[in-house]
Amino acid sequence: MFAHAKSRVRAVTGLLMGAAMLLAGAAVHAADGDAAVQRALQQAVSRPAPAQVDANAVQTLSFRRDPAISARVQQETIQAFGRNTQQVADLEKVIGSGELLRQFDGILRRYGYDPTNLGDVLAAHLLISWEVANDRDSARVPDGQRAVRRQLIGPLAAVPQIAGMNDAAKQAQAERTAYLTMVSALSYQTMKRQGNREALATLASGVRRGLQGNGIDLQRIELTDGGLVAR
């Protein structure tokens, strides 16, 4: 999936694991229950990725990062996960410091994705969720990793509710999704190292349910050189 978390992240992984269990059933916020987005996601995985995506679609989903938006989303996330003063302090070390988002950005760049593009962020969320739900490593199919963004960008950019988002809304959605993705991914890594099969199964089930709310069954799609394609 990706390299082990840094020491400060490991220090609060247990807390993040608890947050993962709470959030595993959550669908992508902007997409939750929206029929147009569900159709776009289903269309995306119904066939292999195109060889390239339209530049206008890429531009539609791109945004400029505003530090004020990042700070607001950080605090929202810390308050959502932290149940007491100590937990909030621990989360400040990895979320408030920006470390968790920097790790997410690094993962996207290794995939060939742009962390300031909402389509790429949602593609990474889908890809990493597929790994967690199926206990698989997408690094074994590098062409497939790169293809998933091409699958999603066109269909998502065609959804009026997404195309109409301003930069602030796209950034906030992208960064909320980044934290949700990283919480699940880091928890998955820790459970794997511990050999905690029961916790892994619970996490996988929750992540699967989260995407089912958007019309995608992660256990019924396969990563191929053409991306994530329905079996």
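Trainee: Which residues of α6 are buried?

Mentor: Some ground rules come before the answer. This is a predicted model, in which local features need pLDDT of at least 70 and side-chain atom pairs count only at pLDDT 80 or more, while totals for chains, interfaces and linings use all residues. Residues are numbered from 1 along each chain as its sequence is written, and side-chain values use heavy atoms, with hydrogens and water left out. Helices are DSSP runs (H or I, at least four residues), strands are E runs of at least two, and both are numbered from the N terminus. Buried means under 20% relative accessible area, exposed over 50%, and partly exposed in between, with a 1.4 Å probe and protein chains only. By that rule, Asp90, Leu91, Val94 and Ile95 are the buried residues of α6. Viewed along the axis of α6, the buried residues fall within an arc of 115°, so they line one face of the helix. The arc is taken over the directions from the helix axis to the C-beta atoms. Thr85 and Gln86 are exposed on the other side of α6.

Trainee: How many residues does α6 have, and how far apart are its end C-alpha atoms?

Mentor: The expected span of a helix is 1.5 Å times one less than its number of residues. Helix α6 (residues 85-96) has twelve residues, and its end C-alpha atoms are only 14 Å apart, short of the 16 Å that a straight helix would reach.

Trainee: What caps the N-terminal end of α6, and what follows the helix?

Mentor: Asparagine 84 is the cap, with a side-chain oxygen 3.1 Å from the backbone nitrogen of glutamine 86. After α6 comes glycine 98, whose phi is positive, near 85°.

Trainee: What span should helix α12 have, and which of its residues are buried?

Mentor: The 16 residues of α12 (residues 197-212) should span 22 Å, and the end C-alpha atoms are 22 Å apart, which agrees. Its buried residues are Ala199, Leu200, Leu203, Ala204, Gly206, Val207, Gly210 and Leu211. They fall within an arc of 165° down the axis of α12, so they line one face. Arg197 and Glu198 are exposed on the other side of α12.

Trainee: Is arginine 149 buried or exposed, and what does its side chain make a polar contact with?

Mentor: A polar contact is a pair of N or O atoms within 3.5 Å; within protein, one must be able to donate a hydrogen and the other to accept it, and residues adjacent in sequence count only if both atoms are side-chain atoms. Arginine 149 lies in helix α9 and is buried, with a relative accessible area of 16%. Its side chain makes a polar contact with the side chain of aspartate 120 at 2.9 Å. Contact in the wider sense means heavy atoms within 4.5 Å. Not counting residues up to four places away in sequence, arginine 149 touches Val53, Val58, Gly112, Tyr113, Asp120 and Ala123.

Trainee: How many aromatic pairs does the structure hold?

Mentor: Rings of Phe, Tyr and Trp (its six-membered ring) pair if their centres lie within 6.5 Å; planes under 30 degrees apart count as stacked, over 60 as edge-to-face and the rest as tilted. The structure holds one such pair. The ring centres of tyrosine 111 and tyrosine 113 are 5.3 Å apart with planes at 65°, so the pair is edge-to-face. Tyrosine 111 is buried at a relative accessible area of 3%, and tyrosine 113 is buried at 5%.
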